[in-house]
Amino acid sequence: MDLDVFVTAHHPEWDRLDQLLRRGRRLTGAEADELVALYQRTSTHLSHIQSSAPDPQLTARLTQLVARARATVTGTRRASWRDAARFLTAGFPAAVYRARRWWIPAALLSTALAAIIGWWIGTHPEVQSSIAAPETLRDMTRPGGEYETYYSSHPAASFAAQVWTNNAQAAAMCLVLGAFLGLPVVWVLFSNMLNLGVGIGLMSSAGRLDTFLGLVLPHGLLELTAVFVAAGTGLRLGWTVIDPGPRTRRDALAEEGRAALGMAIGLALVLFVSGLIEAFVTPSGLPTWARITIGIAAELAFLVYVYVLGGRAVREGETGDVDEPDRSAAQPTAA
């Protein structure tokens, strides 16, 4: 394609479209119809230029022009409470359900890794001595030591906010860094499991593993599940870079990236609940069995939420992506 000839032939149409867009809502019916026709033609022109004779300056101008025209033609839609309700009852659980083949294996392998690390540390005194001095380890694992007082060391409200922020950051890192082939996600998972394994190992070596589990399980079940879901979603996003399937890599990353963004919002809510449990239930005076029961109930509620609402939404065609009108316009491929 001769770019100069193409520009000369269609330049008046682009200028006319720009002129109509500048007039905003002050258009007659005929002019509105003309704007729609010019928007469609300009979109096709942009597609031809990108595929046949890419020119950065011209592509940038037409991309901006098409975007402005699309916003004018389709209008803008404000989010409503109905959108929030749909996200919580369909979009988010469907996204978690769709990613289950990634986050469930990640959860099983990570839990096994934490158990192995805990066993290794707990049965090898030389490893324990490499972690800290014997006096320090005794202060950490004794009754009333650091492992126990950690959960009551700050006011509950501020502690809940701190825990929520830290966990949300870990989940966000898994989601955002997943695009880098998933490798940073593996490191985030390993770091979390290493910390958990060290606690298991040190407390088991002191004969107080039951106390440690009584402190971790109430909030840890839901908290770790949220981290595993974020990690699985990040790994899935990384695999999309390698194998986008029948979609183009660009479209696949856009779709999965939008779903991951929604996942980040939903997981922030889940981690908020686990943070409340960690701040108000874990250090409470409730019996251990009662605290663990609360943790199990929260975990089961989340799994039922995902498998019942999410499974039903997926069967009805929900993917966790945003609605069609809110997606970027797909470039036409035919004149």
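In the predicted model, the axes of helix 4 (81-98) and helix 13 (residues 288-315) approach within 7 Å and cross at roughly 100 degrees. An angle of 65 to 115 degrees counts as roughly perpendicular, and helix 4 and helix 13 are therefore roughly perpendicular to each other. On the side of helix 4, the contact is formed by Leu88, Thr89, Ala90, Phe92, Pro93, Ala94, Val96, Tyr97 and Arg98. Helix 13 contributes Phe302, Tyr305, Val306, Tyr307, Leu309, Gly310, Gly311, Ala313 and Val314. Sorted by class, the contact of helix 4 with helix 13 comprises 14 nonpolar, three polar and one charged residues.

One cavity of 30 Å³ or more is present in the structure, and the volume of the largest cavity is about 80 Å³. The lining of the largest cavity consists of Ala95, Arg98, Ala99, Thr233, Arg236, Leu237, Glu256, Ala259, Ala260 and Met263. Six nonpolar, one polar and three charged residues make up the lining of the largest cavity. Arg98 is listed both in the contact of helix 4 with helix 13 and in the lining of the largest cavity.

For the second largest pocket, a volume of about 660 Å³ was computed. Its lining is made up of 21 residues, with Tyr150, Tyr151, Asn195, Leu196 and Glu223 lying nearest the centre of the pocket. Two or more lining residues are given by each of helix 8 (146-149), helix 9 (156-177), helix 10 (183-205) and helix 11 (209-242). Of the elements lining the second largest pocket, helix 11 gives the most, with seven residues. The lining of this pocket divides into 11 nonpolar, seven polar and three charged residues.

Charged side chains were considered next. Side chains of opposite charge can pair when their charged atoms come close. With a cut-off of 4 Å between a side-chain nitrogen of Lys or Arg and a carboxyl oxygen of Asp or Glu, the count comes to eight salt bridges. One of the salt bridges is formed by Glu13 and Arg41, whose closest N and O atoms are 2.6 Å apart. Glu13 belongs to helix 1 (residues 3-22) and Arg41 to helix 2 (residues 29-52), so this pair ties together parts that are 28 residues apart in sequence.

Definitions and conventions. Residues numbered from 1 in each chain as written. Predicted model: local features only at pLDDT ≥ 70, side-chain atom pairs only at ≥ 80, totals over all residues. Heavy atoms only, no water. 1 Å grid on protein atoms, 1.4 Å probe; cavity = no way out; pocket = protein on both sides within 12 Å on 5 of 7 lines; lining within 4 Å. Points joined across faces, edges and corners; volume = space filled by probe spheres on them. Helix = DSSP H or I, 4+ residues; strand = E, 2+ residues; numbered from the N terminus. Nonpolar A, V, L, I, M, F, W, Y, C, P; charged D, E, K, R; others polar. Axes fitted to C-alpha atoms, helices over the stretch in contact; angles between N-to-C directions. Parallel < 35°, antiparallel > 145°, perpendicular 65-115°, else oblique. Contact = heavy atoms within 4.5 Å.
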